[in-house]
Amino acid sequence: MSTVKIGNKLVGAGQPCYVIAEIGINHNGDVDLAKRLISVAVAAGCDAVKFQKRTIDVVYTAAELATPRPNPFGTTNGDLKHGLEFDYEDFAEIDAFCKSVKIPWFVSPWDEGSVDFMEQFDTPVYKIASASLTDDNLLKHIRKTGKPVIASTGMSTYDEIDHAVAVLGTDDLILMHTTSTYPAKYEQLNLRAIPTMAARYHLPIGYSGHETGIPTSVAAAVLGACCVERHITMDRAMWGSDQAASLEPNGISRLVRDIRLCEQSMGDGIKRVYDEEIPVMKKLRRVGAAV
């Protein structure tokens with residue numbers, strides 16, 4: 001199975017799990033809050049942070065934007081979407097901050113204009129959101145950048161994933177198993193799809209989790225997920241649609257810790273007696289091994 005280089009790290013079989021802290025829109029339109037979340041990711045030992053980028057008037061219809069929706073930015077859905085969207089100055093500040101704390105960042109662009117916008121920054125990879133997996137024009141536009149691609153497969157059939165892979169090609173491609181509910185029910189996580197997808201596509205397969213807890217994301221890594229992505233927040237009780245399906249600072253730190261401990265624990269599969277076991281064996285065994 002191939003590996004994909006993201007920045008200075010290889011992602012894929014035989015490599016450490018690449019942990020992505022998804023900030024998304026949990027910054028609530030506040031660059032300072034975004035920086036705090038980036039710092040949380042750095043402290044936890046994450047490999048990268050991710051945001052989202054949309055051209056609001058392209059992604060949403062005028063009717064959707066005019067829909068009444070009380071929010072901190074106004075009274076309509078459009079007020080909310082525009083309020084949560086970072087502009088060039090915001091992302092330039094984020095870019096400088098990420099460079100200062102030495103963590104890569106990238107985005108999920110939801111339209112072609114957002115891809116063009118992001119080309120102003122030296123981000124190492126593009127993420128395709130599950131909602132965009134069937135958008136052939138967007139997939140082709142992202143591929144024109146020549147950068148690696150991570151594609152989430154939530155709410156998608158195998159036929160749709162097959163088609164997306166055909167459009168994208170298999171070079172520098174990572175697929176992410178995902179269940180697109182927020183928060184996701186444990187009985188619907190279907191983690192066994194990770195090795196199944198690996199066998200079907202012969203590509204690195206990751207896991208983007210929207211559940212509330214930690215153990216299942218660790219289990220995803222043990223099952224072979226080459227990267228694990230989880231939303232992060234300062235407080236799950238904060239205002240915002242994705243906060244409840246996110247991990248707080250202690251949670252993301254525990255996730256990275258537990259994934260690394262599991263990686264250390266996997267071994268090579270060869271049963272052996274360790275030197276440290278011999279004194280215990282001599283002390284506790286009543287009957288020795290047969291000669």
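Me: What classes make up the lining of the second largest pocket?
Reply: In this predicted model, the lining of the second largest pocket divides into 17 nonpolar residues, four polar and one charged. Ala and Cys count as nonpolar, and Gly counts as polar. Among the residues nearest the centre are Ala-221, Ala-225 and Cys-226, along with Gly-224 and Gln-15. The lining has 22 residues, and the volume is about 340 Å³.

Me: Which elements give two or more residues to the lining of the second largest pocket?
Reply: They are α9 (193–201), α10 (215–222) and α11 (249–265).

Me: Which residues of α11 are called buried, and what makes them so?
Reply: Buried means under 20% relative accessible area. In α11 that label goes to Gly-251, Ile-252, Leu-255, Val-256, Asp-258 and Ile-259.

Me: How do you know that the buried residues of α11 line one face of the helix?
Reply: Looking down the axis of α11, the buried residues fall within an arc of 165 degrees, so they line one face. They pack against β3 (18–24), α1 (31–44), α10 and β12. Asn-250, Gln-264 and Ser-265, on the other side of α11, are exposed. Just after the helix, Gly-267 takes a positive phi of about 65 degrees.

Me: Why is Ser-39 called partly exposed?
Reply: Ser-39 has 34% relative accessibility, so it counts as partly exposed. This residue is in helix α1. Ser-39 and Val-101 are 62 residues apart in sequence, with 7.7 Å between their C-alpha atoms.

Me: Is Pro-104 buried or partly exposed, and what does it contact?
Reply: The relative accessible area of Pro-104 is 31%, so it is partly exposed. Pro-104 sits in the loop between α5 (88–101) and β7 (105–109). Contact means heavy atoms within 4.5 Å. Leaving aside neighbours within four places in sequence, Pro-104 is in contact with Tyr-18, Asp-47, Ala-48, Val-49 and Pro-124. Val-125 is 21 residues from Pro-104 in sequence and 9.5 Å from it in space, C-alpha to C-alpha.

Me: Why is Lys-102 called exposed?
Reply: Exposed means over 50% relative accessible area. Lys-102 has 73% relative accessibility, so it counts as exposed. Lys-102 is found in the loop between α5 and β7.

Me: What is the phi of Lys-102, and what makes such a value worth a remark?
Reply: Phi of Lys-102 is near 60 degrees, a positive value in a residue other than glycine. His-202 lies in the loop between α9 and β11 (205–209). With a relative accessible area of 57%, against a cut-off of 50%, His-202 is exposed.

Me: Where is the cis peptide bond that involves Pro-183?
Reply: The bond runs from Tyr-182 to Pro-183, and its omega is near -5 degrees. Most peptide bonds are trans. Pro-183 lies in the loop between β10 (173–178) and α9.

Me: What lines the largest pocket?
Reply: It is lined by 34 residues, and Gln-52, Arg-54, Trp-110, Tyr-182 and Asp-242 lie nearest its centre. Its volume is about 600 Å³. The lining divides into eleven nonpolar, 14 polar and nine charged residues. Elements that supply at least two residues each are β4 (48–53), α4 (77–84) and β12 (227–231). The largest share, three residues, comes from α4.

Me: What makes a space a cavity rather than a pocket, and how many of 30 Å³ or more does the search find?
Reply: In a cavity a 1.4 Å probe fits but cannot get out, whereas a pocket is open. The search of the whole structure finds one cavity of 30 Å³ or more. The largest cavity has a volume of about 30 Å³. Its lining consists of Ile-25, His-27, Gln-52, Arg-54, Leu-84, Glu-85, Phe-86 and Phe-91. By class these are four nonpolar, two polar and two charged residues.

Conventions:
Residues numbered from 1 in each chain as written. Predicted model: local features only at pLDDT ≥ 70, side-chain atom pairs only at ≥ 80, totals over all residues. Heavy atoms only, no water. 1 Å grid on protein atoms, 1.4 Å probe; cavity = no way out; pocket = protein on both sides within 12 Å on 5 of 7 lines; lining within 4 Å. Points joined across faces, edges and corners; volume = space filled by probe spheres on them. Helix = DSSP H or I, 4+ residues; strand = E, 2+ residues; numbered from the N terminus. Buried < 20%, exposed > 50% of the residue type's maximum accessible area, 1.4 Å probe, protein only. Arc of directions from axis to C-beta.
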